[in-house]
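My entries follow the coordinates.

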Amino acid sequence: MADALSPPDARRPGVPRSDAPRGDEGVVARALDWFGVDSDWERVPAGRDAYRRDLLLGAGFAVLAAVSIELGRSMGIFEEVSEPLWLVYLLGVVSTLPLAWRRRYPLVSLVLVYGSFLGIGLTIPSITVLMPMQVMYFVALFTAVAWARDRRAMLVVVSACVLVMFTWLVWMFAVQQGIEVLLEEFPTRADWPGVIDPYLANSVYQFIVNIAFFGGAVVAGQMQWNAARRRQQLTDQSVTIEKQAAALTDQAIVAERVRIARELHDVVAHHVSVIGIQAAAARRVLDRDPARAAEALLTIERESREGVAQMRNLVGTLRSVPDASGAGPSSGPDGASSRAPEPGLADLPALTAADDDGLDTTFRQVEEPAGAAADVPDPMGLSLYRTAQEAMANVRKHSTARSATVTLRVVRRPETHAGPQFEHGFAEVEVLDDGRPRHGTSGSGLGLLGIRERVATHQGMVEIGPRATGGYRVRVRLPLPAPGPGAAPMAPATLPARQAAAPAEALPAARTEVVG
């Protein structure tokens with residue numbers, strides 16, 4: 001009955017939870033934990049609607065009490081009652097009124113209901129045996145256990161009420177009335193209708209019935225309280241999960257924006273620097289050497305087209321959204337995907353091949369064993385390519401260098417002296433130039449910051465700074481993942497190829513930055 005009337009539960013705000021099972025494995029400790037003793041969670045009805053329904057419930061029980069008394073009087077139940085009829089009706093109706101506040105004041109309601117039960121039972125016991133009254137006593141006890149906010153006080157009040165009721169029932173049925181009737185009807189053993197003493201059978205029967213009555217109300221009420229607490233815990237957990245999911249989504253969005261900003265910076269810095277240098281060269285030789293001017297203009301055209309294409313691809317990642325079918329990103333106007341493959345290690349030779357700006361560039365690739373560059377993951381290859389691209393753009397914009405060298409090294413052998421992350425080898429790109437910083441061309445530093453961020457995502461090492469022998473160095477070393485099944489074994493560190501694989505000097509400790 002109470003389940004159908006129970007509204008959503010509320011929890012007192014600002015109160016910490018302490019619903020974890022106790023460490024003590026004793027029976028008493030487990031029972032106290034099951035009853036929610038010392039729990040900070042409180043089950044509170046949700047607003048006025050719940051209290052309004054309780055008022056209606058109390059009024060309904062009052063009507064049922066009046067109707068049941070009239071029906072009982074018509075059946076002759078109150079023939080031996082000497083009290084006036086109006087008092088019978090008054091006591092029956094008034095005893096149901098505490099149910100109107102059963103969830104607002106559950107323990108007070110229980111005490112009033114059972115106090116009236118005890119008083120009526122001592123004066124007009126015929127009222128207490130009516131079925132609506134019995135249901136009312138069950139609901140009052142059930143509500144006290146299911147809705148009491150102070151669980152320790154609930155145990156004390158419920159135990160006291162149950163103990164008083166059992167004492168009264170034992171005295172009422174087993175002593176005052178029951179023994180007199182049984183002695184009159186069954187004075188000797190030969191008069192027993194069964195094999196058990198009628199007095200003993202009556203006592204056991206009354207005990208079982210009342211144990212089921214009171215125990216059922218207590219167990220059912222506590223089970224509903226525990227179920228309400230579990231529902232609140234699940235609600236809290238779902239809210240926490242939603243907040244964490246939203247935080248992770250925001251974090252992913254920020255990370256993607258940072259990545260796109262880094263990509264745009266690298267693309268724009270590289271291509272715009274080449275375009276600026278080629279435009280200046282074309283302006284200087286336009287009158288005296290039209291062929292070289294045309295060649296510089298072709299370079300400008302090529303770089304601008306490539307830069308626009310790469311920026312369109314990056315912007316396409318922002319515009320691409322899942323289509324209605326959920327099959328993937330939306331396509332461009334021509335029906336093709338708006339995103340082209342990202343550059344990688346295979347594009348490094350083309351990056352350093354353009355020397356029309358007067359910068360003599362050289363590309364070197366060292367692999368140990370041969371073909372090891374094919375094992376470099378695509379994200380790592382993109383990071384190495386963007387590092388070389390940013391470094392070459394800085395050489396063209398901020399250096400007086402006339403030559404630069406881009407070296408790619410991919411080594412499949414342990415390099416634990418550089419860090420435990422290099423136990424499966426490394427992929428490294430190094431950009432060296434022979435110039436000095438050009439005055440008045442200092443940049444924002446975002447390009448170098450982007451290089452460090454890329455290295456941090458792969459837990460690699462980075463060295464950026466001037467060389468002792470002149471020039472500038474940008475070197476990035478990223479750890480390779482473990483080789484897949486079927487891959488060739490890594491070369492031992494003692495092979496002579498080690499010197500060939502690392503023509504440049506080792507990363508000096510004073511200028512080595514360990515990232516991640």
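**Charged pairs and backbone**

I started with Glu428 and Arg409, whose side chains meet in a salt bridge at 2.4 Å, N to O; I count a salt bridge when a side-chain nitrogen of Lys or Arg is within 4 Å of a carboxyl oxygen of Asp or Glu. The pair links distant parts of the chain, with Glu428 in strand β5 and Arg409 in strand β4, 19 residues apart. Helices (H or I, at least four residues) and strands (E, at least two) are DSSP runs numbered from the N terminus.

This is a predicted model, in which local features need pLDDT of at least 70 and side-chain atom pairs count only at pLDDT 80 or more, while totals for chains, interfaces and linings use all residues. Residues are numbered from 1 along each chain as its sequence is written, and side-chain values use heavy atoms, with hydrogens and water left out.

I checked burial next (buried is under 20% relative accessible area, exposed over 50%, partly exposed in between, with a 1.4 Å probe and protein chains only). Glu428 is buried at 1%, and Arg409 is buried at 2%. Both belong to a network of salt bridges that also links Glu430, Glu463, Arg473, Arg475 and Arg477.

I counted salt bridges in the whole structure and got 12. One of them joins Asp54 and Arg103 at 3.0 Å, N to O. Asp54 is in helix α3 (residues 48-74) and Arg103 in the loop between α4 (85-94) and α5 (106-123), 49 residues apart. Asp54 has 0% relative accessibility and counts as buried; Arg103 also has 0% and counts as buried.

I then looked at Glu368, which forms a salt bridge with Arg413, the closest N and O atoms being 3.3 Å apart. Glu368 lies in strand β3 and Arg413 in the loop between β4 (403-411) and β5, so the pair ties together parts 45 residues apart in sequence. Both residues are buried. The peptide bond from Glu368 to Pro369 is cis, with omega near -5 degrees.

Which charged residue is buried yet has no salt bridge? I found Asp433, with Arg467, the nearest side chain of opposite charge, 6.9 Å away; Lys and Arg count as positive, Asp and Glu as negative, and His and the chain ends are not counted. Asp433 is in strand β5 (residues 426-433). A polar atom of the Asp433 side chain lies 3.0 Å from the backbone nitrogen of Gly435.

Last, I noted Gln459, a residue other than glycine with a positive phi, near 55 degrees.

Terms used: A polar contact is a pair of N or O atoms within 3.5 Å; within protein, one must be able to donate a hydrogen and the other to accept it, and residues adjacent in sequence count only if both atoms are side-chain atoms.
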